[in-house]
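Let's take a friendly look at how a ligand sits in its protein. Please have the model open as you read.

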Amino acid sequence: MTIQRVSSKWTKTKVLLQSRQLTRYIPLTRKYSRAALAEMLNERSLVYIKPDIGTYGNGVMSVERLHELKPQEQGSEPASPEKYKLHYVTSSQEFSSLDDLHRAIRDRTQQKLYLLQHGIFKLKYRDRSFDLRVLTQKTPYGSWETTGIIGRVAAKNKIITNYHSGGSIRMLDEVLEEHATQERINLLEKELYELGVETAKQLQKEYPRLKEIGLDVAIDQNLIPWILEVNTLPAILPFKKFFKDKSIYRRIERYAIAYGRLSSPGKGSRSKSKA
Ligand SMILES: Nc1ncnc2c1ncn2[C@@H]1O[C@H](COP(=O)(O)OP(=O)(O)O)[C@@H](O)[C@H]1O
Ligand SMILES: [Mg+2]
């Protein structure tokens, strides 16, 4: 039986939101529209816009609201002139009205489905944003197990952390060491291991042939983890290249062979994976 893959971020998000344990880990997500953009920018100063189906950070944008909001009860004049900064993967542009901003976004998205999501102010490692990749796999015994976590550090001034966009890989302890004690890091690590398993179990209810997932998790300034997306064809190789402790990759590989993603030891991945 083939391993199940699900590409729509919107579909996966809806399934995850059905789990009480998971809702608090998922940033508010809506389908992109001008109205949704206006509402979200009224609540948040940072929002992300991304293709429903996409990989490697392609097409991901973010918007910073640079002006202050006017106090609710007071007059109709804004507290300061409207100003938005739209970030593409490698460039940015400023706008002084929501209509202009929306037009520029629509130019990029055309009529395709894009999602709008609360932006997470990601922690930084040496002045670069990072997020985490949590790999969770089906074991040969039928249970789910989180088998590895790595930190993905963005290239300088990039809004995305994808490896294909110049990002680099670090150990979890390394990216967190400026921000937390070892004890706190261990607690967070445990939470992430459980989060991977919970997410897999929830998705499996809808997609019974799922065997592996990779969660993109952002850590905010309060050390709270947020699930940005769940990949159903996660990259495995970074775990091989990166971990000095070879037993970590050996287990990942053993599970992947058992469910048919990899053919035999050392031969590498059968299907192209995303990072
Ligand atoms: N809501 C968000 N807040 C902060 N950063 C985000 C958000 N959504 C995406 N990103 C950044 O953009 C990257 C790519 O977005 P993602 O949803 O993982 O799409 P892709 O399928 O292209 O990898 C993430 O790894 C993260 O660095
Ligand atoms: Mg991703």
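## About the model

This is a predicted model, where local features need pLDDT of at least 70, side-chain atom pairs count only at pLDDT 80 or more, and totals for chains, interfaces and linings use all residues. Residues are numbered from 1 along each chain as written, chains are lettered from A and ligands numbered from 1 in written order, and side-chain values use heavy atoms, without hydrogens and water.

A backbone N or O atom of Gly57 lies 2.7 Å from a ligand 1 oxygen. From the side chain of Asp216, an N or O atom is 2.9 Å from an oxygen atom of ligand 1. Taken alone, ligand 1 exposes 540 Å², and the protein buries 100% of that (Shrake-Rupley method, 1.4 Å probe).

Domain 1 (9–27 + 122–258) and domain 2 (29–118) both give residues to the shell around ligand 1, so the ligand lies between them (bounds from an automatic or database domain assignment).

Definitions and conventions: A polar contact is a pair of N or O atoms within 3.5 Å; within protein, one must be able to donate a hydrogen and the other to accept it, and residues adjacent in sequence count only if both atoms are side-chain atoms.
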